[in-house]
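Reader: I am new to this structure and would like to know what stands behind the words used for it. Please show it, and I will ask about the labels one at a time.

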Amino acid sequence: MAAKSRRHNPVPVSDLVSGVLDPVLAKRAGLTTSLLQAWDEIVGDRLADLSRPEQIKWNRRASEDDPFEPATLIIACEAMAALHIQHETTEIIARINAFLGYSAIGRIKIAQKPVRKEKMVKPDLRDVSDEKKRQIADRVSGIKDDELRKSLERLGKKVAASR
């Protein structure tokens, strides 16, 4: 009997990681990776770099007959973002609930602490030789628009410096 050849379709790494991280995040913090990934869209660019969802605290129910009560979302944020988040609390709650698809969050608690996002480090550029600068200037010398010519010359120098 011939061995069956298996064909596996490629799976995005994010799907594999989500499958591993979601249960851990749900148990420890009540969060999902999808909420963390969508945080920038939920709060906007202005607040996304200065804040992050830290935990969802669900109220304990004494019995199954108790009515559902929305949870409290704890947001870690820098001091300068705390006031903005406080003023936009109802809008943030509405956006999170719309994202989750039901009224999961009822209130927000702010925890002021350092929130660091890794910023891209610009690579160090090496010096461009005078000969290379002249070559770049000669190539763009036919462009009549001064601003465009200068911009293209700067671009050429940066490209040459990065190589």
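Reader: Where does Arg95 lie, and why is Arg95 called partly exposed?

Author: Arg95 is part of helix H6 in what is a predicted model. Its relative accessibility is 35%. Buried needs under 20% and exposed over 50%, so a value in between is called partly exposed. Arg95 therefore counts as partly exposed.

Reader: How do you know whether Ala94 and Asn97 are buried or partly exposed?

Author: Both are placed in helix H6, Ala94 as well as Asn97. Ala94 has a relative accessible area of 45%, and is therefore partly exposed. Asn97 stands at 13%, and the limit for buried is under 20%, so Asn97 counts as buried.

Reader: Which residues does Asn97 touch, and which backbone atom does the side chain of Asn97 reach?

Author: Not counting residues up to four places away in sequence, Asn97 touches Tyr102, Ser103, Ala104 and Ile105. The side chain of Asn97 reaches the backbone nitrogen of Ile105 at 2.8 Å.

Reader: What makes Ser51 a buried residue?

Author: Ser51 has its place in strand S1. The relative accessible area of Ser51 is 0%, while buried asks for under 20%, so Ser51 is buried. Its side chain has two polar partners to mention. One is the side chain of Trp39, at 3.2 Å; another is the backbone oxygen of Leu47, at 2.7 Å.

Reader: Which residues does Val43 touch?

Author: Val43 touches Ala48, Ser51, Ile92 and Arg95, with residues up to four places away in sequence not counted.

Reader: Which residues have the most contacts inside the largest nonpolar core, and what makes a set of residues a nonpolar core?

Author: The set must consist of buried residues of listed kinds, Val, Leu, Ile and Trp among them, joined through side-chain atoms within 4.5 Å. The largest such core here has 21 residues, and Trp39, Ile42, Val43, Leu73, Ile96 and Ile105 have the most contacts inside it. At least two residues of this core come from each of H3, H4, S2, H5, H6 and S3. S2 gives the largest share, 4 residues. As a general matter, nonpolar side chains in soluble globular proteins tend to be buried together.

Reader: How do you know that the buried residues of H5 are on the same side?

Author: The buried residues in H5, which runs over residues 79-87, are Ala81, Ala82 and Ile85. They cover an arc of only 115° around the axis, which puts them on the same side of H5. Met80 and His87, on the other side of H5, are exposed. The cover over the buried residues of H5 includes H4, S1, S2, H6 and S3.

Reader: What span does H8 reach, and what span is expected?

Author: H8 covers residues 146-162, 17 residues in number, and reaches 24 Å from its first C-alpha to its last. This is close to the 24 Å expected at 1.5 Å a residue. Within H8, Gly156, Ala160 and Ala161 are buried. Their arc around the axis is only 130°, which puts them on the same side of H8. The face turned away from that buried side carries the exposed residues Glu147, Arg154, Lys158 and Ser162. Helix H7 is among the elements that cover the buried residues of H8.

Reader: How many helices and strands are there in the protein?

Author: The protein has 8 helices and 3 strands. Of its 163 residues, 25% are buried.

Definitions and conventions:
Residues numbered from 1 in each chain as written. Predicted model: local features only at pLDDT ≥ 70, side-chain atom pairs only at ≥ 80, totals over all residues. Heavy atoms only, no water. Buried < 20%, exposed > 50% of the residue type's maximum accessible area, 1.4 Å probe, protein only. Arc of directions from axis to C-beta. Contact = heavy atoms within 4.5 Å. Expected span 1.5 Å × (residues − 1). Polar contact = N/O pair within 3.5 Å; in protein donor to acceptor, adjacent residues only side chain to side chain.
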